[in-house]
Amino acid sequence: MNVTENEKRRLAAVIRLGILDTPPEERFERLTRIARQHYRVRTALFTILDHDRQWFKSHQGLEVTETPRSVAFCDHAIRQDHISVVENALEDPRFRNNPFVLDSPHVRFYAGMPVREPGGFKVGTLCIIDDRPRHFSEKDLDVLRTLATMVEEELERSYIESDKSEYVPVSQLNRAIQHAQNVFLTSDNERSAFSQMLNDLLALTGSQFGLIGEVLHKSNGAPFLKVGAITNIAWSPETQALYQDVERRGMVFDRLDNILGLPMVSGETIISNDLSQDSRRGGLPAGHPTINTYIGIPVFSGDTHLGMIGLANRAEGYSQKLADELAPLSQTLGNLIERKRLYEEKGSHKRDLELAANYDALTGLPNRHRLTELFEQELYEAGQRNGQVSVCFIDLDGFKSINDEHGHAVGDAVLKSVAEKLKATVRSHDIVARLGGDEFVAILRDVGDERVYARLLDAIRQPINFRHHVLQVSGSMGVTVYPEDNVDSDLLLRHADQAMYAAKETGKNCYKIFDLQSHSSRKERVRVLEQIDTALREQQMELYYQPKICFHHHCVNGFEALIRWNHPKEGVLSPAHFLEHIEYTEHARTLGNFVIREAVKQLMAFARQDLPYTLSVNLSPCHFLSEEFKDDLSSTLEDCPIELRSRLILEILETTAMDDTETAIKNLKASRELGVDISLDDFGTGYSSLDYFRRLPAQEIKIDRSFVMDMLSDPDDSMIVSAIVSLSKSFKRRLVAEGIENADVERKLIDLGCDLGQGFFYSKPLPLPEALHWAKHFRWEDRLTA
């Protein structure tokens, strides 16, 4: 493999750690056991990545102790600074052809957290592996992070205990690393951080002089060293003045033809233990004290050369071994310089970009472009934390009249004042933006009380003092909440905008919540109506049949025919997906006639097969109450023999009969004159009077499933069922109970005197061939084992 400079230093750190090819240790075995048991996976490993192999210091659920590095998932993991997760290796182009995926151990899921040695190099991973795809959220992997930290602590402990360093004790080196990190991360004074590290380096090595600098580049690409810290010694007056100048403005070394500049050119450690005879000498300021021995150590982060450490006048001289022992500290310096650079670059770039393109010049608020970015981030973070985002679209009331009466300068002052009030009202992590004109948007996290919305409008209403004017505006606000309104950011803004117009229409100076249910229903209704013609034309509608069991004769009495839509993309859809959307449209009549026509056709087929089954169909309320219903039914029954018509049962909802009782009674009588039976469906839900019940010419009533399903656990439902049974017997009506799901409910209904039953206890609705097969093989005594 191509070994980069950074990889060389990492491999040196692995060797320095002294852990390769050592026996298992309980302190690591315990941690991998915990990982395996917690995540319930087949394998948990603590791995070390050597030059060309992956070696397992601890392995749970895997027999081998090493694998080639070229096929190691962990080789990918150590290239990252966070947990590497592969949810399904077969679908990941990086791993789907990996031999450990295609063959034993058939890896599917992998999660690996990089493990660092005390110097900061990633030497391996703590990982979990399974042979089936898995999904873990970031929060789910917190335990793996914690265990990896514990592995690192054990490595540091053993590293200190087995200190084999020749020159620099590990404990002192660790303290120097901690000093550097603490100063860099807690101080804004960059020079003091460099000085602290230089003092520690001088103390660790016994050097008299030293410097630390950052490698930068000129416009032509040539490197130079910007000194961050240099030894403060009692030089000559001239060089003392030079030191003070370094303190004020910083010193730059840009000569590359001497021993100081050589590490910047070569990227390698430069050592001289007799500088007076070294041809590379030179580059020191005039009057500098004599230097006898010198080491220049390049500082890297990854493969990027970021800095240099120079140390001089160590009595016993310098060696590569000393540089190797100092590697963790130089690595720390590289990481800290890189962090400083990234922070500076990010800050500078962000300021320039945001000021130029992302913020409203008048109010300082994010503009529409910046809002889009912030909004997307808010939605993403809400998904990560399972939280909510409230989108508040605000339009000022009466702003135009202020502009017209007082001029744009006053109008601008009002907009700036409103912006400040909104910012002062929301929390620090919430977002307030100006879209343009007098339109503002507030993006609020996890609002638990709607009074928060009212406070925004209260803030806007506060009087504004400007140039002896006391001005007042109000706001109309629309609100929608994600993920209840589960659409993208553009649609969320549009929905909040729609709700804002509803607030304007209500009288302004108020807020309205977006009516998501009404909106979703409208969208679905449009979608269904666009497709229903095609569905009817291409015969995508089909009747499914649910058996009705006679309790007296212990046999199949007949079926209820229930409409299903064989949607080409969405599969089989139940009536709940489309019937309500076509009600009160011309499609309700078309579909109703289709159902009755199919039922009549099937009854005639039953007769030809000597099958005595009845067939119930549900009627659309608007079709049943229409003037055309009687003619539609008569036309459909024209070819059906009179003796068969009584087997057709038309089910109407009790509530339908109550909507227009006179029309319902008229059409029910007409249906009876044509020879069909009538069933009053969902009985008990409509609160109809006894007079209505007496007048409705129904031969059958069906107890609503909501009462039947809970009758054994709910005393009120039990009393309602008993009352309906008594009522049906008094009026000599056939009684059907729907929604039977167990034998106990069936037994209770039989004891009460119910005539027929249907429900999943017997069978779900089935396509015709399956329903007939089920009915043919039905035996009363077998139903308890079905």
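Guide: Helices (H or I, at least four residues) and strands (E, at least two) are DSSP runs, numbered from the N terminus. The model is predicted: local features need pLDDT of at least 70 and side-chain atom pairs count only at pLDDT 80 or more, whereas totals for chains, interfaces and linings use all residues. Residues are numbered from 1 along each chain as its sequence is written, and side-chain values use heavy atoms, leaving out hydrogens and water.

Visitor: Which element supplies the largest share of the lining of the second largest cavity?

Guide: The lining of this cavity (grid points, 1 Å apart, where a 1.4 Å probe fits but cannot get out; lining residues have an atom within 4 Å of a point) consists of Glu524, Arg527, Val528, Gln531, Trp565, His567, Leu573 and His577. The largest share, four residues, is supplied by α17.

Visitor: Where do the buried residues of α13 fall, as seen down its axis?

Guide: In α13 (residues 399-406), Phe399, Ile402 and Asn403 are buried, that is, under 20% relative accessible area. Down the axis, directions to their C-beta atoms fall within an arc of 100°, so these residues line one face of the helix. On the other side, Lys400, Asp404 and Glu405 are exposed, that is, over 50%. The cover over the buried face includes β13 (389-397) and α14 (408-425).

Visitor: At what angle do the axes of α13 and α14 cross?

Guide: Gly407, with a positive phi near 100°, follows α13. The axes of α13 and α14, fitted to C-alpha atoms over the stretch in contact, come within 7 Å and cross at roughly 145°.

Visitor: Which residues of α14 make the contact with α13?

Guide: Contact means heavy atoms within 4.5 Å. On the α13 side, Phe399, Ile402, Asn403 and His406 take part. On the α14 side, the residues are His408, Val410, Gly411, Val414 and Leu415.

Visitor: Is Glu651 buried or exposed?

Guide: Glu651 is placed in strand β24 (residues 648-653). Beyond its neighbours within four places in sequence, its contacts include Glu560, Ser616, Asp681 and Lys702. With a relative accessible area of 1%, Glu651 is buried.

Definitions and conventions
Buried < 20%, exposed > 50% of the residue type's maximum accessible area, 1.4 Å probe, protein only. 1 Å grid on protein atoms, 1.4 Å probe; cavity = no way out; pocket = protein on both sides within 12 Å on 5 of 7 lines; lining within 4 Å. Axes fitted to C-alpha atoms, helices over the stretch in contact; angles between N-to-C directions.
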